[in-house]
Amino acid sequence: MGCQYFEPTDGGANTFTVAMPKLTFGRGALHDTGARASGMGIKRIALITDDVLAPGPLVATVTDSMKSAGIETIVFSDIRIEPDDDTIMRAAKFLTDTKADGVISVGGGSVIDTAKAALLIERHGGNIREYFAPPVGDGKPVPGPVAPHIACATTSGTGSECTSISVIRVNEFNTKFVVASPWLLPDIAIVDPSCCDSLPANVVASTGFDLLCHALECYTAEAYTKHLNVDNPNARQLIQGANPFSDLSAREALKIAGKYLARGVADSTDHEARDQLMWGASLAGIAFGNSGTHLPHAMSYGVTHLMTDITTTGYPVASPFVPHGISVIVSAPAIFKYTAEAQPDRHLDGAAYLGADSKGATPDDAGEVLSKRLIELMRATDMPNGLGGIGFSGDHVKALAESSFRQKRAIANAPRDSNLTDLENMYNGALNYW
Ligand SMILES: [Fe+2]
């Protein structure tokens, strides 16, 4: 492809692949889950959810729909927010024991990621840690297909229903790692924006910044042509760097975040804004599933690793807990200031899609313009004031950088190279913004 950003390079990939589930979007879509499962030949289905959603109306809608379609449903809800390797192994054992012929996941990223990883272990055995990249795991590739999976998102952020990626906390290392394979892509994604009608403002804000960062990281990620070519096309990860398709969905997701994030947070009755954010989350998920994120996500893992005394209203989780979207956005303004130098046009465009006034801005201004717009959106949605707002100080910067530096793959997908000192400098710049 001859576009400037995707100029061929020596040894780099010269093709890109597009993959996404069959996606149904719209109010009422959850009511069709039984018919969807029936259409896949499923007679007995395992419903994976969390213990907050399990007794609620969304899961009831799905189980009723299954019943109407003559499908038996067995529920598993023993899942913590940010699932760990123990959760995965428990869920996999449940799948093995229930002998269901398909899975429907109903929840946010934690639930959908658990379903993907549990399906892998149920079909191919072993321990989930074997599939993490070295040195944490063995880097074992996912050998082949897993059982049918219908993924139903209930928050407007994760996009996990559209990706082949599962993010799992490893208790021994107290941080998160990724298992990614085209085989983990759900077969069907159901996105019903009515799921977000009752979400607290703070949850909409946090998940909204997750979607925003997915889109912005994909749009500014290193071009696929700079990723090494892979001899076996079947072995190629869908995390392949920015490409024309991920650009399409990332651009639209950025426009949606810029226009509707503050509105959706401010007013739970603003269905237009909340529905748009749900659509934006799926678009950003499609982008991220086909390109991969970079430094803001990589550097969020150090934050969740080292947080000590924080709880966030709207989440039924004991301290220490910081929602994923907040862990990503707190460092993002400082990170994009750093990466802008490598691809100023993409950073300026990203800022403009988010609604920044970039008239007259030069390439040298790109980092400042984008960072300023992110900070405006953070302030408009009552986000913490950088790392300092969630309990970190300059004393923590070295440890944060060392923790996040283990996320080699995501760091390598950034448009600008960074070493440990660069990460420390970015964290230092993220301590406070106002
Ligand atoms: Fe994310």
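Two strands are said to pair if DSSP finds at least two bridges between them, and the strands themselves, like the helices, are DSSP runs numbered from the N terminus, with at least two residues (E) for a strand and at least four (H or I) for a helix. With that in hand, strand β5 (residues 149-153) and strand β8 pair in the parallel sense over four bridges, and within this pairing Ile-150 stands opposite Ile-188 in β8.

Before I go further, please keep in mind that this is a predicted model, in which local features need pLDDT of at least 70 and side-chain atom pairs count only at pLDDT 80 or more, while totals for chains, interfaces and linings use all residues. Residues are numbered from 1 along each chain as its sequence is written.

Staying with β8, strand β1 (residues 22-25) is also joined to it by four bridges, again running parallel, and here Phe-25 has Val-191 as its bridge partner. In a regular strand the side chains alternate between the two faces of the sheet. In β8 (residues 188-191), Ile-188 and Ile-190 point one way and Ala-189 and Val-191 the other, and all are buried, where buried means that 20 or more other C-beta atoms lie within 10 Å of a residue's own, exposed means 12 or fewer, and partly exposed lies in between, with C-beta atoms placed from the backbone.

Let me turn to strand β2. Four of the five residues of β2 (residues 44-48) are buried, so the strand is largely enclosed by the rest of the structure. It pairs in the parallel sense with strand β3 (residues 72-76) over five bridges, Ile-48 having Phe-76 as its bridge partner, and also in the parallel sense with strand β4 (residues 103-107) over three bridges, where Leu-47 is partnered by Ile-104. Together with helix α2 (residues 57-68), β2 and β3 make a right-handed β-α-β unit, right-handed in the sense that, with the strands pointing away from the viewer, the path from the first strand over the helix to the second runs clockwise.

Which residues have the most contacts inside the largest nonpolar core? They are Ile-45, Ala-215 and Ala-253, in a core of 135 residues, a nonpolar core being a set of buried Ala, Val, Leu, Ile, Met, Phe, Trp, Tyr and Cys residues joined through C-beta atoms within 7 Å. Helix α5 (residues 201-220) gives the largest share of this core, 11 residues, and at least three residues come from each of domain 1 (4-15 + 198-429) and domain 2 (28-191), bounds that come from an automatic or database domain assignment. Leaving aside residues up to four places away in sequence, Ile-45 touches, among others, Met-66, Ile-71 and Val-103, contact meaning that the C-beta atoms, placed from the backbone, lie within 7 Å.

That leaves the two domains, whose C-alpha centres lie 25 Å apart. Between them, 32 residues of domain 1 are in contact with 23 residues of domain 2. On the side of domain 1 that touches domain 2, the largest share, 10 residues, comes from α7.

Not counting residues up to four places away in sequence, Thr-98 touches Ala-46 and Ile-74.

Definitions and conventions. Contact = placed C-beta atoms within 7 Å.
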